[in-house]
Amino acid sequence: MHGLKQSELWSALADHYNEIKHLHMRDMFNQDKNRFDKYSLQLNDILYDYSKNRINDQTLKLLLRLADEADLSGWIEKMFTGAPINNTEHRAVLHTALRDQGDQPVMVDGHDILPEIRQERERVKLLAESIRTRKWRGATNQAITDVVNIGIGGSHLGPLMVTEALRPHALHDLNVHFVSNVDENHINDTLEFLKPETTFFIISSKTFTTQDTMVNAETARQWYLSKIGDDKSIGRHFSAVTSNVKLAKDFGIAEDNIFKMWDWIGGRYSLWSAIGLSIVISVGSETFDELLQGAYEVDQHFRHAPFEKNIPVIMALLGIWYNNFFDAQTMAVLPYDQHLHRFPGYLQQADMESNGKSVDRQGEVVDYTTGPVIFGEIGIAAQHAFFQLLHQGTKLVPADILAPIYSYHCIARHHRALMSNVFAQAESLMRGKTKAEVRAELVDQGLDDAQIEKLLPYRVFPGNRPTSTLLFDTLNAKTLGSIIALYEHKIFVQGIIWNINSFDQWGVELGKQLAKNILNELNDNATVNKHDSSTNGQINYYKQRRPKNNS
């Protein structure tokens, strides 16, 4: 869809925006008592209410045409059937195959990949259950009490988010830790209270060369050997998820403990693969299967539901409406479930690494905005942090609210207080508060006219701030899998309409390359002059002032 902004449909949407931009959702709800019924969808236990958005029937009609004109149906089939839609790396994109529960083959390079996926999953489960049941024994014949996942990006954020989200389903005497930061404090703080004879490491790196991960992995290896002193026992305490079996074996990891990564899995879409080993160890094989099932059911919904009833499609189109026509550069993700506290961080990578692109599939610089800045926090905490800006700031920030109808323990006084905030915040962001309403409140408080006129401007809320709400029964594994898949497919749809490749990340690679070169410069005390004056100055200042024993 080259020349998106020049299309007749884009112009029609721009004209429609000018017609609708001054309409207030308060009035829309007053004029249409069936608005909730019209603009909400349900899939299994998930209700998606998008009625509190600045849209009408004509908006949806035009946005749905965007999906049709982008040949979204064709692209969906290409993804699910293994076409190399990652055009800059000539790769298929098949995270959906990792949770495929069907009996139809998924072909890549002429062979069905599903048997290999399922075989690898069984290997993961076998190791995980051996550790969970204490059958797996370390070098001193003791059971494993602590598992440390060492990774970065999708090898870290996905497993961390899921294990936190499914914490009620975990074995609480088996601790799973996550290390990603190359800053020594992260791994040192993690290892401080662990014992090598009862600790098991997972090194998650597709290439087994990622600097951050491998520096941490070597530190873990040295920590283990300094206490145990037997490098032949590393196989009892280390595993790897990688496509580079040779380097993993050179590290000392037994081949039976090396799990496969395929090049058609992007890191930010990899939690469904052997990268999820830490998840399976934490919550067990059956719970992991439920996670896969939930994602698979959303895959089927996304692949087959008509676009006007298709939740990921509607989510994506709303995002484009605000991003490209309201000039909303950000989006807030607000879970009202404590166990989803890592979900906004996970989505930051999933969305911003996927659609943070400025060049289209034809290699041309785009003349429209693409992926938004994603941020978020647990809803209750966010209300006392940045909701002030959402309510009365000068920026329009569309928000997604996620909330459970009941929680794991569901103590009524806690949960009803929680849910009252969910409903109140969405309503207040939509309705706002008019001058007349504020004036009436202040009169009731007994203020005189002078006091009222002074306070009035500060108490007015413009409202008309859009939110979409995802309500679900409870945060079990199946529902979590569904929620993750909804956002994965939303991101895909937006990439297709923006005509960008959502599945490469060359911007990440540049920093890695430069860091590798600079690392060599930091390994001696010579003055550096190969960079710009700022970078030279910073490096030389660092080298002059670092401790001598760190030179």
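Guide: A polar contact is a pair of N or O atoms within 3.5 Å; within protein, one must be able to donate a hydrogen and the other to accept it, and residues adjacent in sequence count only if both atoms are side-chain atoms. This is a predicted model, where local features need pLDDT of at least 70, side-chain atom pairs count only at pLDDT 80 or more, and totals for chains, interfaces and linings use all residues. Residues are numbered from 1 along each chain as its sequence is written, and side-chain values use heavy atoms, with hydrogens and water left out.

Visitor: OK, what does the side chain of Asp337 reach?

Guide: The backbone nitrogen of His339, at 2.9 Å.

Visitor: And is Asp337 buried or exposed?

Guide: Buried (under 20% relative accessible area with a 1.4 Å probe, protein chains only), yet Asp337 has no salt bridge. That would take a side-chain nitrogen of Lys or Arg within 4 Å of a carboxyl oxygen of Asp or Glu. Arg167, the nearest side chain of opposite charge, is 11 Å away.

Visitor: Which residues does Asp337 touch, leaving out those up to four places away in sequence?

Guide: Ile378, Leu402, Pro404 and Leu475, with contact meaning heavy atoms within 4.5 Å.

Visitor: Switching topic: how many residues has the largest nonpolar core?

Guide: It has 120, and Phe343 is among those with the most contacts inside it. Such a core is a set of buried Ala, Val, Leu, Ile, Met, Phe, Trp, Tyr and Cys residues joined through side-chain atoms within 4.5 Å.

Visitor: Which helix gives the most to this core?

Guide: H21 (residues 477-497), with 12 residues; helices are DSSP runs of H or I, at least four residues, numbered from the N terminus.

How values were computed:
Buried means under 20% relative accessible area, exposed over 50%, partly exposed in between (1.4 Å probe, protein chains only). Helices (H or I, at least four residues) and strands (E, at least two) are DSSP runs, numbered from the N terminus. Lys and Arg count as positive and Asp and Glu as negative; His and the chain ends are not counted.
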